[in-house]
Amino acid sequence: MSLSEWLITKRSKSIKKNIKQIQLTVPEGLWIKCDQCGLLMYFKTLNKNHKVCPQCKHHFQTSSYDRIEQILDQTSWKSINSNLASTDPLGFCDQKLYGKRLQDMKMKTGLLDAVQTGTGTIKGISVAFGIMDFRFMGGSMGSVVGEKLTRLIETATRLNIPVIILCASGGARMQEGMLSLMQMAKISSALHKHQQQGLVYLPILTSPTTGGVTASFAMLGDLIIAEPNALIAFAGRRVIEQTIREDLPDNFQTSEYLFQHGFIDLIIPRTKLRDMLYQILSFYYNPKN
Amino acid sequence: MSNRKGVSLDFLKPVIELEYQVDQLGKIAGHNKLWVYQQLYIFQKKLADLKKEIFHSLTPLQRLHLVRQADRPTTLDYIPYILDNWIELHGDRGGADDLALVGGIGRLNGSTVMFVGHQRGKDTKDNVVRNFGMASPGGYRKALRLMQHANRFNFPILTFIDTPGAWAGIEAERLGQGEAIAVNLREMFSFNVPIICTILGEGGSGGALGIGIGDTILMLEYAVYTVATPEACAAILWKDSKLSLEAAEALKITSSDLKVLGVIDRVVHEPIGGSQSNPQQAALTLKQELITELNILQKFTNDERKELRYQKFRKMGTFYEE
């Protein structure tokens, strides 16, 4: 080693010792930046505004627990069938065992599957409420989601109350193969019986609602409600681009696009959802006010 | 099988080679007839055994490729063998006549029935016209109109499923592909007439289910019914679309798998080599099955049958209940 090299190594060592790393770590999630307008806000401000950006009204993703708090009356939520859990009927293993994925998701979200079902009241009107949770495996619909929603609709038919299902899903759960596809049929049949009894069914489409969910219960509502700028699609955007090799319109597959083409009754921002749901339900449940 | 154009399945190569040998042998039957006939017989026996062996051990992905072949009989190929006096009907009364989903009326063993089914093309030009059997919202709405018509006049409904999936295009989304399929799903549970669905080839997910609600679901032996194509599944779950073989195995798409899962009711046997090797025999086997199943279904009252249909789909799915 030459003299100059020795000098360089000695200098870098001494520099390393002298630099003190000032650790200034802010706990994760305390300050949130809006994806759309870039506004930096304290997380409690965002939560108080139903997870909607106060500046540009961009709707953030929420959990099913948040939804229960935001929409139903306090303490009216009675969960049903919360003990249903998925099996692994196909013994599916892609990059991870399906069973292991389910366990990891349970740890992450506290839920046994991608939907919470139960009854509650909205300003006094009893409803059967199902909320899909996108955090659990992308809200994918498997046997348990199908069974819980079917039982929810059957309960509503028995109790003569309306059904509201909040949809947030990436589609059918591939790990359960054809059984997932059949859940589309199962839920649609339960909705048929519910309809035969003259009861009202209101799906609320949130971002994203795609695939098998769009092709079954999301589009079967008596009134179809959507959140602003939600991704509502049947085929994925990339699949369409690859199939037709053309550019897609700008607001393609958003709630506004479906609204223009006649598939959605109402676009309701999340902050007004509870009040408007009450207003709509009271037309049916208190017609001669 | 050897005079089929463009056979590209690699697992059929030994069969084709053997058939060629048999042909050549037949041509030199001029001299030394007895010896030639003996050899011919041996070869033909070998050929039959080879075919049986290959077709009994097809992997799911090979089955998918087999049913996607151009010479696979389509809905309109089967109908003349199954129905007498049949007429094709058209239009969704809403601005479209989708050529990918056909329907019509005819007689099955003397009684009037209504049929709807996906229609693939026989060659490239035909495929473009038929959109490869991928139906648009207009097609599902045409199917719904015909099925409602059948319900009103008390005709049983036969559906034939053979589609890579519902059409994924801008027009399809704009006209409400999801809504069209959803409405079909719900309405098919309301029909008072018997419904028998048969999967002829490829059952592509929601596009297939759009006419796939029935009292009895039949499936041809080598047909496949998928929730997502193995290529798409491999791309999403394995992050590598070349792993479609593993994806196809994992998804359990073959007729025997689905019989075990309770998704289909009966497997209809195909001639060795698939229905494309003997379309007439395949169609007549299917016709017999349809007649048998329809006779069973017609013994129930309308309400009993609707409740059985509801319970059939109600039972699908597995879960733990703690």
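Contact is taken here to mean heavy atoms within 4.5 Å. The structure is a predicted model, in which local features need pLDDT of at least 70 and side-chain atom pairs count only at pLDDT 80 or more, while totals for chains, interfaces and linings use all residues. Residues are numbered from 1 along each chain as its sequence is written, chains are lettered from A and ligands numbered from 1 in the order in which they are written, and side-chain values use heavy atoms, with hydrogens and water left out.

In chain A, 68% of the contacts with a separation of 6 or more join residues 24 or more positions apart. The secondary structure of this chain consists of 10 helices and 10 strands, where helices (H or I, at least four residues) and strands (E, at least two) are DSSP runs numbered from the N terminus. The C-alpha trace of chain A extends over about 95 × 45 × 45 Å along its principal axes. Its radius of gyration is 24 Å, whereas a compact globule of 289 residues would have one near 19 Å; the radius is taken over C-alpha atoms, and the globule rule is 2.2 Å times the number of residues to the power 0.38. Of the 289 residues in chain A, 53% are buried, a term that stands for under 20% relative accessible area, with exposed meaning over 50% and partly exposed the range in between (1.4 Å probe, protein chains only). The accessible surface of chain A amounts to about 14000 Å², and carbon and sulfur atoms account for 53% of it; such areas come from the Shrake-Rupley method with a 1.4 Å probe, and for residues only the protein chains shown count as cover. Chain A carries 33 positive and 23 negative side chains, the centres of the two sets lying 10 Å apart. In this count Lys and Arg are positive and Asp and Glu negative, with His and the chain ends not counted, and the place of a charge is taken as NZ of Lys, CZ of Arg, CG of Asp or CD of Glu.

For residues 34–56 of chain A, an unreviewed UniProt entry lists "zinc finger region: C4-type"; UniProt positions are given in the numbering used here, feature names are shortened, and annotations may be inferred rather than shown by experiment. The span is 26% helix and 13% strand, and its end C-alpha atoms lie 9 Å apart. The annotation "binding site", also from an unreviewed UniProt entry, covers Cys34(A), Cys37(A), Cys53(A) and Cys56(A). Although these residues span 23 residues in sequence, no two of their C-alpha atoms are more than 8.6 Å apart, so they gather at one spot. Cys37(A) is located in the loop between strand 1 (31–33) and strand 2 (40–42), and is partly exposed at a relative accessible area of 30%. Residues up to four places away in sequence not being counted, Cys37(A) touches Cys53(A), Gln55(A) and Cys56(A). Cys56(A), in turn, occupies the loop between helix 2 (43–48) and helix 3 (64–71) and is partly exposed, with a relative accessible area of 22%. Beyond its neighbours within four places in sequence, Cys56(A) contacts Cys34(A), Gln36(A) and Cys37(A).

Two further positions in chain A are buried. Leu84(A), in strand 4 (residues 84–86), has a relative accessible area of 0% and is buried. Its C-alpha atom lies 7.7 Å from that of Lys148(A), although Leu84(A) and Lys148(A) are 64 residues apart in sequence. With neighbours within four places in sequence set aside, the contacts of Leu84(A) include Leu112(A), Val144(A) and Lys148(A), as well as Phe319(B), Tyr320(B) and Glu321(B) of chain B. His194(A), in helix 6 (residues 178–196), counts as buried at 1% relative accessibility, and its contacts outside four places in sequence include Ile153(A), Ile161(A), Val163(A) and Tyr201(A).

Chain B comprises 14 helices and 9 strands, and its C-alpha trace spans about 70 × 50 × 45 Å along the principal axes. Chain B has 37 positive and 37 negative side chains, with the centres of the two sets 4 Å apart. In an unreviewed entry, UniProt places "domain: CoA carboxyltransferase C-terminal" at residues 42–296 of chain B, a span that is 46% helix and 20% strand, with its end C-alpha atoms 44 Å apart.
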